[in-house]
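I opened the model to look up a few local features. My notes follow in the order I took them.

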Amino acid sequence: MVDDAMVLDVLATLRADVSVAGPLGQLFSDPEISDVLVNGPGEVWVDRGRGLERTNAGFSDEAAVRRFAQRAAAAAGRRLDDASPMVDVRMPDGVRLHAVLPPVSPTGTLLSFRLGRRRSFTLGELRSLGTVSAPMEDALTALLARRRAFLVTGGTGSGKTTLLATLLGSVPAPERIVLVEDSGELRPDHPHVVRLEARPPNVEGAGEITLRDLVRQALRMRPDRLVVGEVRGAEVVDLLAALNTGHEGGCGTVHANAPADLPARLEALGTAAGLPRAAVHSQVAAGIDIVVHLARAPDGARRVAELSVVEADPHGLVRVVPGLICDPHGQTVAGPALAVLERGLTLEDR
């Protein structure tokens with residue numbers, strides 16, 4: 001016999017199956033979750049800022065995961081099938097989706113959702129959370145006030161986007177911020193933000209708009225702060241050129257496991273785009289002042305681990321030297337370039 005409770009359960013299941021969020025809807029609505037990862041029907045993980053946690057959410061079977069992935073891709077105007085088994089796209093609600101179908105993923109359909117932070121933080125809030133120490137907060141505040149050009153570095157999921165959005169929210173209100181992003185993830189709490197987003201080619205291979213195209217357009221839009229959400233390609237050439245031609249206070253994020261790895265990373269990007277090695281290093285030395293590096297503690301917490309300065313060695317090659325370092329116990333200690341950092345930020349005069 002079918003009772004009312006069974007009917008309601010069936011209706012709830014059908015509603016979840018046909019909605020874009022599907023059985024992950026409750027996870028998507030949790031403001032503390034930044035990432036949702038689906039490794040199979042019964043294996044769903046989330047990140048609340050403390051490392052990955054396995055949840056009780058799941059799908060009935062592999063076919064349900066595949067249908068959900070295809071429905072999510074279709075909502076963003078992209079196809080996901082045997083002929084096109086991979087997709088990386090931003091959905092209408094701003095969620096970034098990456099999906100892979102078999103046989104590319106032999107174990108089944110894999111999904112990665114980047115939800116991002118749905119509210120902005122202040123530096124004071126990040127300090128209370130342990131992400132930023134008091135000396136680091138003072139230095140970051142001075143960095144913005146002095147309009148220093150900086151890059152935020154760190155590994156995947158280290159909190160680069162969250163920190164950059166927080167810093168941009170502290171920019172003086174009269175300044176015009178022009179954001180250039182591959183996928184709109186930055187949400188700074190600022191009254192004058194202009195956004196430009198790249199566009200992938202359509203199914204015919206036409207209509208692509210790259211980050212490099214957008215950086216060039218942004219320079220004509222009278223930016224007080226030019227921001228590239230993630231520097232990962234040829235756009236580094238135009239960004240470095242802009243930072244060397246009077247566009248103070250520019251910034252962006254770069255994937256790097258350590259600040260010392262940044263010069264090699266920028267060199268690889270710049271030379272791949274046709275810029276000679278010597279030119280890459282000279283422009284980085286002249287255009288980038290500070291490197292803000294984030295790392296994850298053993299307990300999964302994100303933390304500003306290092307504030308470094310960019311210098312050129314006697315051979316003209318760039319190196320990144322620590323000024324302030326956050327040790328494993330959360331204490332901020334002086335690095336070899338502290339005096340240089342203080343002079344650049346005029347901390348001694350505050």
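I started with arginine 147, in the loop between α5 (134-145) and β7 (150-154). Helices here are DSSP runs of H or I with at least four residues, strands are runs of E with at least two, and both are numbered from the N terminus. Phi of arginine 147 is near 55 degrees, a positive value in a residue other than glycine. I noted the background: most residues other than glycine have a negative phi, and most peptide bonds are trans.

Before going on, I wrote down the ground rules. This is a predicted model, in which local features need pLDDT of at least 70 and side-chain atom pairs count only at pLDDT 80 or more, while totals for chains, interfaces and linings use all residues. Residues are numbered from 1 along each chain as its sequence is written, and side-chain values use heavy atoms, with hydrogens and water left out.

Next I checked a proline pair. The peptide bond from proline 102 to proline 103 is cis, with omega near 5 degrees. Proline 103 sits in the loop between β5 and β6.

Then I turned to helix packing. Two packed helices are described by the angle between their axes and the distance between the axes. The axes are lines fitted to C-alpha atoms, for helices over the stretch in contact, and angles run from 0 to 180 degrees between N-to-C directions.

I took α7 (residues 211-218) and α8 (residues 235-243) to begin with. They pack at about 20 degrees, with axes 8 Å apart. That makes α7 roughly parallel to α8. The cut-offs: under 35 degrees is roughly parallel, over 145 roughly antiparallel, 65 to 115 roughly perpendicular, and the rest oblique. The crossing of α7 and α8 is left-handed. A left-handed crossing has the near helix turned anticlockwise from the far one by less than a right angle, and a right-handed one has it turned clockwise.

I listed the contact residues, where contact means heavy atoms within 4.5 Å. Leu211, Arg212, Val215 and Arg216 of α7 meet Glu235, Val237, Asp238 and Leu239 of α8. This contact divides into 4 nonpolar, no polar and 4 charged residues. In this scheme Ala, Val, Leu, Ile, Met, Phe, Trp, Tyr, Cys and Pro are nonpolar, Asp, Glu, Lys and Arg are charged, and the others, Gly among them, are polar.

I followed α8 to α10. These two helices pack at about 45 degrees, with axes 9 Å apart. That makes α8 oblique to α10. The crossing is left-handed. Leu240, Ala241 and Leu243 in α8 meet Val280, Gln283, Val284 and Gly287 in α10.

Pro263, Leu266, Glu267, Gly270 and Thr271 in α9 meet Arg277, Val280, His281 and Val284 in α10. The classes are 4 nonpolar, 3 polar and 2 charged.

I stopped at glutamate 267, in helix α9. Which residues does glutamate 267 contact, leaving aside its neighbours within four places in sequence? I found Arg277, Val280 and His281.

On a 1 Å grid over the protein atoms alone, a cavity is a set of points where a 1.4 Å probe fits but cannot get out; a pocket is an open set with protein on both sides within 12 Å along at least five of seven lines; lining residues have an atom within 4 Å of a point. Grid points are joined across faces, edges and corners, and a volume is the space filled by probe spheres set on the points.

The search of the whole structure gave 1 cavity of 30 Å³ or more. The largest cavity has a volume of about 40 Å³. Its lining is Leu151, Val231, Val236, Leu239, Leu240, Val254, Leu266 and Ile288. α8 gives the most to this lining, with 3 residues.

The largest pocket holds about 860 Å³. It is lined by 41 residues, with Asp35, Arg114, Gly157, Thr161 and Glu185 nearest its centre. α6 gives the most to the pocket lining, with 6 residues. By class, I noted 9 nonpolar, 16 polar and 16 charged residues in the pocket lining.
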